[in-house]
Amino acid sequence: QVQLVESGGGSVQAGGSLRLSCEYSEYSGTVSRKCIKWFRQTPPGTEREGVAIIDIVYDSWLSVDYAASVKGRFTISLDHPKNTVYLQMNSLKPDDSATYHCAALPRDSCRLSSTNYIYWGQGTQVTVSS
């Protein structure tokens, strides 16, 4: 059973930082290539906003992309031995408050705008106070 498990959420003041983690198990298909995306949703059931995406090949990555709203503040990265994708969030704003999810996408859908999720996690809550 494929799993993606998010962690690292919490409550911070504006200007603070958090690092989210997405630990993923191996999933079928092209094991050597994966696509992991972070999206956020607030409140639950509303539109999902793509935040960052990473195109992984073997133990490295080909490309990353970010939403305009987070570019320069958020960084997505990979720890291959730990099967973990991180989202470092700096200079947080109250508008960043949301439930953050990570999701796996097919390799041919590896775009920030794609919502063709194969699997996704339960999410981790981020709250930024002013």
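**Figure 1. Contacts across the chain in a predicted model.** In the protein chain, 55% of the contacts with a separation of 6 or more join residues 24 or more positions apart. The model shown is predicted.

**Figure 2. Strands of the protein chain.** The chain holds eleven strands and zero helices.

**Figure 3. Overall dimensions.** The C-alpha trace spans about 45 × 30 × 25 Å along its principal axes. The protein chain has a radius of gyration of 14 Å. This agrees with a compact globule, because one of 130 residues would have a value near 14 Å.

**Figure 4. The largest nonpolar core.** This core has 36 residues. Ile36, Trp38, Val85, Leu87, Met89 and Tyr100 touch the most other members. Seen by strand, β3 (18-24), β4 (33-41), β5 (48-57) and β7 (74-79) each supply at least two residues of the core. So much also holds for β8 (84-89), β9 (98-105) and β11 (124-129), each with at least two. The strand β9 gives the most, with six residues.

**Figure 5. Burial and surface.** Of the 130 residues in the protein chain, 45% count as buried. The accessible surface comes to about 6,700 Å². Carbon and sulfur atoms hold 47% of that surface.

**Figure 6. Charged side chains.** The protein chain carries 12 positive side chains and 12 negative ones. The centres of the two sets lie 3 Å apart.

Terms used:
Residues numbered from 1 in each chain as written. Predicted model: local features only at pLDDT ≥ 70, side-chain atom pairs only at ≥ 80, totals over all residues. Heavy atoms only, no water. Helix = DSSP H or I, 4+ residues; strand = E, 2+ residues; numbered from the N terminus. Rg over C-alpha atoms; globule rule 2.2 N^0.38 Å. Buried < 20%, exposed > 50% of the residue type's maximum accessible area, 1.4 Å probe, protein only. Contact = heavy atoms within 4.5 Å. Areas by Shrake-Rupley, 256 points an atom, 1.4 Å probe, with all protein chains shown as cover. Lys, Arg positive; Asp, Glu negative; His and termini not counted. Charge placed at Lys NZ, Arg CZ, Asp CG, Glu CD. Core = buried A, V, L, I, M, F, W, Y, C linked by side-chain atoms within 4.5 Å.
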